[in-house]
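Subject: Structure handover and notes

Dear colleague,

I am passing on the structure below, followed by an account of what was found in it.

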Amino acid sequence: MAQSSDQPSRRLEDLNLDDRIVEMLRDQWGIEELFPPQAEALPPALSGRNVMLTIPTASGKSLVAHLTIVHRLTTDLEGARALYIVPLKALATEKVKELRAIAGSVGLRVGLAIGDRDGETGLIEDSDILVCTSEKLDSLLRTRSELMDKVGIVVSDEFHLLHDPGRGPTLEILLSRIRHQRPEAQIIALSATVGNSEEMAEWLDAELIVSDWRPVTLRYGTLTGLDVSVHRVDGRGDEELPEPRSIEGKSTHPLQAVLEDTVRDGGQLLVFVSSRASAQKEARELARHTRRRLVEGSDAFNPGLTEHWDRIADRLARRNDDSAMVKALVTSVRGGVAFHHAGLTSGQRCLIEEAFREGWLLCVVATPTLAQGVNLPARRVVVRDLRRWSTVAGRTMPLPVMEVRQMMGRAGRPKYDDVGDAWLLAKSREEEADLVDLYLLGAPEEVTSKLANPTALRAEEDPALLTHVLSMVATGGTDDRDALGRFFSKTFLATQIDSESLAARIDDVVSWLAANGMVDRLGESDEVKARMLEEEPVQEPEEWEDEVPSWVGSASEVTGLDVASGPIRRYGEKPRRGPPIFGFRKASIHDSYEPDPPESPSMTYKATALGERVAQLYLNPISGRIIRDGLGRAMAILTGEDKHGQVSPLSLLHLVSCTPDFMPLWPRKDDYDAIQAALHGHEREFLAEPIDLDEERRMKGVLVLQSWSDESRVDHIEQEWNVQPGDLHGRVEQAEWLLYATRRILAEDKELASLDKGAHRTLVEAVDEMHRRVRYGCRADLLGLVALRGVGRARARQMADLLGVSNAADVAALTERDRERLSDLRGWSPQLVENLVAGAGRSIRRRSR
């Protein structure tokens, strides 16, 4: 195809790529030429310039990054390393597959770092290209800063998630750290359409490529009753708005009509709703409709698909999960429809996604999390719910434009569809007009930094800034106030907040860290002063009208500092008589320091042993302080200094649940009796109080973890506490990590160990036992069995109850009769028993070496 003289070439041959790459693209991926946005972005990217690429979903953003990486790592950056940063583990796995296909053609190795797999360490060390989540990369750099030494290219996928309060701060700090330590490294940012892309590109010093071009035409419309109207078309640039039309069906059940219309047209349907309950209910209703129409002999649905639906349902049912949610999912899938939300486990979500990609499922009803990066396109997308409950506002609020566009962008399957449809469900013509103006024709929101909380009045209300300032001091080699200021002046936050407010926030955070034993002030440094004089021109001193700089007053409005009016009132200023019954109080965290004057630019810092551990363990510093104080209370109990408290497994679960790193669970009305009984029946065992004093939510998390570690089945936990499997697994992972961190903090704390070595050793063993109980979901008597490969908690309990075994030595010594008895149990076999006995023997031999 001939190229216009004013358009970049779309021919692969014109990019000067390695012939092996071009051959692979053609033979394996069927790519003959570039899309226009790719052709525009690749020349500057291949030349080494920073690029921000803002184009629609499925328009080839990733290929620009892939080709740039493999081209440069085999030419001018040979021997360097590329980092590919993604927000989600599922997306990381997807990108690894793509990169291994293209990088393997030229002999480059691709590693994966998401924290889920054994053997990741070797892959990290040996990889030329490392795909990782931002959190995992941040964690790696805190403990292995040498990983930064060879970095030559960095790709930030889903760059617009800088706006996300949960993931955005870590991504922002990572990119700032890379630009600070490796200024020559190339950055490629792949983003959805945002309202301030120019500002974001300027921050990265990147060339901005913006396009609405799509390989599959996307028709944005509304569904009002059964009437479909298209209001916008994005595609190759020559499309016209189609005429309005009506679909067949009942106006009281528009989604059923949409499903039938979509399937009759040979497509699949994605429906987005606002809540898990809505997803499950809508999937159930659509599945019932499908089964009913099959019985009626509708020509829209293929009866031959039912065997695939049953196969998928059987796979879900075989996963030893009899929870009500999974039963509901299995029932829906037998009607060709699935739901998808965070209450499902990752394995269940992956199975649903795979079945939908293969074309077996007709429809998936999902919450908006599905739109965040997971590649799951469909012929048609319907956004049913456009409002969501806001706990901050106390009412439902409209969804952000950016989020709705991400959902709608899933419409249209590359290589399968010429056109995709994305419809917003409107209840009336008036609402339809409002939705069109806001979501279809309106501009998306601007991305703002979430590194600092704009409403924070004190340092502990700025957890992201608190966490990353400690990280930079403890593991980032930034150990003086001037260096901290210079580093944070390069963040995206610094482009959106005035320098005086930013300086005040950093000072407040440093004061909190110093007051809470995370960093030590070492004094002012002549070396730092000399460096500052060399790097900045000398300025005449200004005349100050007040005794303190005027910006300190303005900073107090942002951070809660009030230098002029003296110290902020503390809770419990009068000393307690003896140790506190409830241990560390909220006051000791929130009001444990007084505001200090502005830090001297030449002040130097060193992380304390506790600060280093907290940073390396990837804890919120407030969590670290809570855990350390709780361990201090536990030691006081064990040494006899505190004669009122007791340490129990519940104590340790409650301690970690009180940290901001543990996500609490919302109680139902039926939960309150059990929660109140626990709160008022175990006061002596509590080592801490929740940082937010939300006792009921925290205690529900404790009781759910207690049920899990007492071997309650997943379906029983769901029935008793209304906690779905995905939520349970998420809380178990959080508690396991926090208990591991607790053990590390305790084991390495010389001050606590010096109080009483025997008591310290006893407490370390107790924390270790609770950590393993949470990890395996069992009582203490099974810990010697569940550590064996192939022995989960259910099999371990059967072995213990039937044969009285408790460890590897007992298993290795099983008699023939014992082996036969085990083999006769449901779910067992002679081969399984022999494998377990052999594995136990190997475990004993390894320990004896």
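**Salt bridges and conventions**

Searching the whole structure turns up 63 salt bridges, where a salt bridge is a side-chain nitrogen of Lys or Arg within 4 Å of a carboxyl oxygen of Asp or Glu. The model is a predicted one, in which local features need pLDDT of at least 70 and side-chain atom pairs count only at pLDDT 80 or more, while totals for chains, interfaces and linings use all residues. Residues are numbered from 1 along each chain as its sequence is written, and side-chain values use heavy atoms, with hydrogens and water left out.

One of the salt bridges joins the side chains of Glu260 and Arg264 at 3.5 Å, N to O; both residues belong to helix α9 (residues 254-264) and sit four residues apart, about one turn of the helix. Helices (H or I, at least four residues) and strands (E, at least two) are DSSP runs, numbered from the N terminus.

**Domain 3 against domain 4**

The domain assignment, which is automatic or taken from a database, places domain 3 at 450-531 + 598-617 and domain 4 at 620-776. Their centres, taken over C-alpha atoms, are 30 Å apart, and 15 residues of domain 3 are in contact (heavy atoms within 4.5 Å) with 13 residues of domain 4. Together the two domains bury about 1,100 Å², 70% of it on carbon and sulfur atoms, buried area being the accessible area (1.4 Å probe) that two parts lose on being put together, summed over both. On the side of domain 3, Leu610, Arg613 and Leu617 lose the most area to domain 4, together 52% of what that side buries.

The rule finds one salt bridge across this interface. The side chains of Arg613 and Asp749 also meet in a salt bridge, at 3.9 Å from N to O. The helices α16 (463-475), α18 (499-515) and α22 (609-616) each supply at least two residues of the side of domain 3 that touches domain 4.

**An eight-stranded sheet**

Elsewhere, eight strands form an open sheet of mixed pairing, in the order β10-β9-β8-β17-β14-β11-β13-β12, where two strands pair if DSSP finds at least two bridges between them. The edge strands, each pairing on one side only, are β10 (245-246) and β12 (337-340). Strand β11 (residues 269-272) runs parallel to strand β14 (residues 380-383), joined by four bridges, and Val271 has Val382 in β14 as its bridge partner.

With best regards
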